[in-house]
Amino acid sequence: MVQRGVRPDDGALLRRARAGDRVAFSDLVRMHQDEVYTLALRLVADRELAADVSQEAFVRAWRALPQFRGDARFSTWMHRITVNVAWTQRRRQRRHRADPIDEAFVEPVAETISPERAAESADVGVRLREALAALSTPVRAVVILKDVYGWRHGEIADHLGISVTAAKVRLHRGRRLLRERLYGEMEVDG
């Protein structure tokens, strides 16, 4: 079992988990659950659905663990599984719900920030969430995977089932729309 503050080597836990050790896999889940949930939340923009996506991602990882070759880090592999699960869940949910993007971004609050700076930051955060909400789900997914998580175009394309060109086009379109929305409002406001 993983002790608080101690992060064992993923490799050792992976070897044990691949051999069927459920405790080792549980330790891997505990180590990576926050980042998996955060990615899921940013992709599906719904807290409950993100929890479902996270759980399903770890279930799929457990089932696929014998096929994990170790070419990538476990966290990268989990990100890819999470994207696939989120994409599937998002398509299912699209017919039934609105897209509450405001829930997808939790802004950390620093204790040393001035009230003026906090208000300005909150305003920018609201405007960014609104601008992201205006993007289509496929475009928003590419922007988040590239600009927040730093995925390469090829990785994005592979895991969204699109071409590299389509990933680049969606990223360009998303950034352009965000820029127009954010800077266009600033010119009007300022």
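Modeller: First, a definition: axes are lines fitted to C-alpha atoms, for helices over the stretch in contact, and angles run from 0 to 180 degrees between N-to-C directions. Two packed helices are described by the angle between their axes and the distance between the axes. Bear in mind that this is a predicted model.

Now the pair. Helix α1 covers residues 10–18, and helix α2 covers residues 22–44. They pack at an angle of about 140°, and their axes lie 8 Å apart. That angle makes α1 oblique to α2, because only angles over 145 degrees count as roughly antiparallel. The crossing of α1 and α2 is left-handed.

Next, the residues. From α1, the contact draws on Asp10, Leu13, Leu14, Arg16 and Ala17. From α2 come Ala24, Phe25, Asp27, Leu28, Met31 and His32. By class, the contact of α1 with α2 has 7 nonpolar residues, 3 charged and 1 polar.

Now the setting. The chain holds 8 helices and 0 strands. Of its 190 residues, 37% count as buried. Take contacts between residues at least 6 apart in sequence: 65% of them join residues at least 24 apart.

Buried residues of α6 include Val139, Arg140 and Leu145. Just after α6, glycine 150 takes a positive phi of about 70°.

How values were computed. Residues numbered from 1 in each chain as written. Predicted model: local features only at pLDDT ≥ 70, side-chain atom pairs only at ≥ 80, totals over all residues. Heavy atoms only, no water. Buried < 20%, exposed > 50% of the residue type's maximum accessible area, 1.4 Å probe, protein only. Helix = DSSP H or I, 4+ residues; strand = E, 2+ residues; numbered from the N terminus. Parallel < 35°, antiparallel > 145°, perpendicular 65-115°, else oblique. Left-handed = near helix turned anticlockwise from the far one by under 90°. Contact = heavy atoms within 4.5 Å. Nonpolar A, V, L, I, M, F, W, Y, C, P; charged D, E, K, R; others polar.
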